[in-house]
Amino acid sequence: QGKVLRMIEDKSVQRIGAIRPKKVDFRLITATNQSLTDLVHQGAFREDLYYRLHVIPLTIPPLRNRKEDIVPLCLHFLHYFCQKYNLKKSFSEEVLAEVRRYQWPGNVREIRNFVERMVVMTPSSTTEINSIPVGMLGEKAAVHELPIERTLPNLGSGRLSKEKVLAALLACGNHRGKTAEYLG
């Protein structure tokens, strides 16, 4: 462990089997969602490593403290995923208002995943996404409480349409196993 710390400080690496370390030019960037200072005080993080890493600390507050960033991030990811899937979609003002109210405990990753799900899960003919299905923003979807007739009208015994499968996925919280069982 001491050798690794020296290599970070000396900006060098040593290949397996090599005799001498080789100088390299790099910047080490690390990230965490925990307080390293607290972890050092608790003895859960090495103090010497902390001081080697803690050169230029940047603290980025969570999204719930940066409400003004939520809509631009949603729109950025909407544009990205529409291009990726060759679709044209937009969010209604109601959807954007609901997105602003949500706390986003998963921060930017959660927004990215949410927007991709919204783009992919809405029918390709939909150009404006007007509502957020239950369960898409952290609420627990109560699948067992929804009657099949309300969730999937005219299921029948024939071939399932894409819309029926997508509706079942939404009703089952995007869990493929539960959806398959739900659809029989």
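1. **Disulfides.** This is a predicted model, and the structure holds 0 disulfides. A disulfide is a covalent bond between the sulfur atoms of two cysteines. Two cysteines to look up while you have the model open are C74 and C82: C74 is buried, with a relative accessible area of 0%, and C82 is buried as well, at 7%.

2. **Salt bridges.** Side chains of opposite charge can pair when their charged atoms come close. How many salt bridges are there here? The count comes to 4. One of them joins R52 and E9, with N and O 2.9 Å apart. R52 belongs to helix α3 (residues 47–53) and E9 to helix α1 (residues 2–10), so this pair ties together parts that are 43 residues apart in sequence. R52 is partly exposed at 26% relative accessibility, whereas E9 is exposed at 53%.

3. **Further salt bridges.** R46 pairs with D48, their closest N and O atoms lying 2.6 Å apart. R46 is partly exposed, with 32% relative accessibility, and D48 is partly exposed too, with 30%. Another bridge links D69 and R66 at 2.8 Å between the closest N and O atoms. Here D69 is partly exposed at 25%, while R66 counts as buried at 17%, because buried means under 20% relative accessible area.

4. **A charged residue without a partner.** Have a look at E110 in helix α6 (residues 107–121). Which side chain of opposite charge is nearest to E110? That is R117, 6.2 Å away. E110 is buried yet has no salt bridge; a bridge needs the nitrogen and oxygen within 4 Å. Setting aside neighbours within four places in sequence, E110 is in contact with Y102, W104 and P105.

5. **Aromatic pairs.** A pair of aromatic rings is described by the distance of the centres and the angle of the planes. The structure holds 5 aromatic pairs. In one of them, the rings of Y50 and Y51 have centres 5.1 Å apart and planes at 75°, so the pair is edge-to-face. Are these two residues buried or exposed? Y50 is buried at 8% relative accessibility, but Y51 is exposed at 54%.

6. **W104 and F114.** These two rings also form an edge-to-face pair, with centres 5.5 Å apart and planes at 65°. W104 sits in the loop between α5 (93–101) and α6, and F114 in helix α6, so the pair ties together parts that are 10 residues apart in sequence. W104 is buried, with a relative accessible area of 0%, and F114 is likewise buried at 0%. Elsewhere, ring pairs link Y80, F81 and Y85 into a cluster.

7. Which residues of α5 are buried? V95, L96 and V99 are. They cover an arc of only 100° around the axis, which puts them on the same side of α5. An α-helix has 3.6 residues a turn, so residues three or four places apart point the same way. E93, E94 and R101 are exposed on the other side of α5. The buried residues of α5 pack against α4 (70–84), β3 (90–91), α6 and β4 (128–129).

8. **A buried serine.** S12 counts as buried, at 9% relative accessibility. What does S12 touch, leaving aside neighbours within four places in sequence? S12 is in contact with M7, P21, K22, K23, V24 and F26.

Methods. Residues are numbered from 1 along each chain as its sequence is written. This is a predicted model: local features need pLDDT of at least 70, side-chain atom pairs count only at pLDDT 80 or more; totals for chains, interfaces and linings use all residues. Side-chain values use heavy atoms; hydrogens and water are left out. Helices (H or I, at least four residues) and strands (E, at least two) are DSSP runs, numbered from the N terminus. Buried means under 20% relative accessible area, exposed over 50%, partly exposed in between (1.4 Å probe, protein chains only). Lys and Arg count as positive and Asp and Glu as negative; His and the chain ends are not counted. Contact means heavy atoms within 4.5 Å. A disulfide is a pair of cysteine sulfur atoms within 2.5 Å. Rings of Phe, Tyr and Trp (its six-membered ring) pair if their centres lie within 6.5 Å; planes under 30 degrees apart count as stacked, over 60 as edge-to-face and the rest as tilted. The arc is that of the directions from the helix axis to the C-beta atoms.
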